[in-house]
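Please open the structure in your viewer and keep the selection tool at hand.

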Amino acid sequence: MLFIDYSSAFNTIIPSRLATKLVDLGLGTPICSWILNFLTDRPQVVRVGKHTSSSLILNTGTPQGCVLSPLLYSLFTHDCVAKHETNITIKFADDTTIIGLITGDDETAYREEVMALYEWCLENNLTLNISKTREMIVDYRKRPVREHQPIRINGVEVERVSSFKFLGVNITEDFSWTLHTDTTIRKARQRLYFLRRLRKFGVSACFISNFYRCAIESLLTSCITVWYGSCSASSRKSLQRVVKAAEHITGTRLPAIQDIYLQRCLRKAHSIIKDHSHPAHQLFSSLPSGRRYRSLPAQTTRLKTVSTTKPYDTSTITLKHTLKHTQHRIQMLPCSSTSKI
């Protein structure tokens, strides 16, 4: 996996090239002209105290903080796709990741994909920040035959790491979630201090509970459908202990991490069922007999012996039973093809 970092990605977009790509996507001429006019001839000044610099006219990039900027950048990079079937290019705003499947020690397709991305960046006025780009190798072989040679981009070697924080989630080369859960628990415990201070100041329990949900629960449950189902039992207990400590401080009952996880999984399953383009949508389609779902590939005996359930009949109870046997596959599936790995 190659985690790409760009240098000032939003500031290097060429409006004329963006307008051309929007036309190719089928957008009407009036809206393309409006966007082009919005991005060109933008005056910029710098103000320090009472002093203001002379204005500078900008004709490149998108405004920082503008709600349109991430969308325009996604449209600008829509043609940055994988060239080989064994590779996947994942994009989320200006975060880009290349995932390559290497079999038989043949890294040709993976390395060609990296070079193709570098050439695409040159053609589209984007600059790769190689010093911040990282590579992580996930090797499923019990006995690796040889080490993978490092990736070089424009003559510069890309640093290889054993873990990487991707979209707020710490991913390790062995796909264990101990690092992520330990980091999350440590941050959550630090924020418990603010709960104690609020209680000491006599703030109402309702306000303290709302603060917990905003500052601590949101941290504990961020991307929970990705990692919670595969984390260790000790990590789950440690996460719940943070909730128990918060309950003691607030004096109110708070939702358990396990309950939030199941609720989020149900919500994810509902969205997958409605989205026919989602890679996991086929997991909820029944066999031609119509009596049960398709079996999921599994390597452990525990999952192989699980019987499939009856087809989805719009009832939440049936969906809960179905999700019980499919949540281990949903954990690593993104909401869309450009969101998460």
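**A sheet and the helix across it**

Select β6 (87-92) and strand β7 (residues 95-100): the two pair in the antiparallel sense over six bridges. Helices (H or I, at least four residues) and strands (E, at least two) are DSSP runs, numbered from the N terminus, and two strands pair if DSSP finds at least two bridges between them. Within this pair, Phe92 stands opposite Asp95 in β7.

The model is predicted, so local features need pLDDT of at least 70 and side-chain atom pairs count only at pLDDT 80 or more, while totals for chains, interfaces and linings use all residues. Residues are numbered from 1 along each chain as its sequence is written, and side-chain values use heavy atoms, with hydrogens and water left out.

Now extend the selection to the open sheet, in which five strands follow the order β6-β7-β1-β8-β11 with mixed pairing. β6 and β11 (159-160) stand at the edges with a single partner strand each, so one side of each has no neighbour in the sheet. In a regular strand the side chains alternate between the two faces of the sheet.

**A hairpin**

Next, select strand β12 (residues 163-166) and strand β13 (residues 169-172), which pair in the antiparallel sense over four bridges. Lys165 stands opposite Asn170 in β13. The two strands form a hairpin with two residues between them, and Leu167 in the turn has a positive phi of about 55°.

**Aromatic rings**

Rings of Phe, Tyr and Trp (its six-membered ring) pair if their centres lie within 6.5 Å; planes under 30 degrees apart count as stacked, over 60 as edge-to-face and the rest as tilted. By this rule there are seven aromatic pairs. Select Phe10 and Tyr73, a tilted pair at 5.1 Å centre to centre with 45° between the planes. Phe10 lies in the loop between β1 and α1 (15-24) and Tyr73 in helix α3 (residues 68-76), so the pair ties together parts that are 63 residues apart in sequence. Both Phe10 and Tyr73 are buried; buried means under 20% relative accessible area, exposed over 50%, and partly exposed in between (1.4 Å probe, protein chains only).

Then select Tyr193 and Phe194, an edge-to-face pair at 5.6 Å centre to centre with 70° between the planes. Tyr193 is partly exposed, with a relative accessible area of 46%, and Phe194 is also partly exposed, at 44%. Finally, select Phe3, Phe164 and Phe166, which form one aromatic cluster.

**Charges over rings**

A charge sits over a ring if NZ of Lys or CZ of Arg is within 6 Å of the ring centre and within 35 degrees of the ring normal. Select Lys21 and Phe76: the charged end of Lys21 sits over the ring of Phe76, 4.2 Å from its centre. Select Arg236 and Tyr228 as well, where the charged end of Arg236 sits over the ring of Tyr228, 4.6 Å from its centre.
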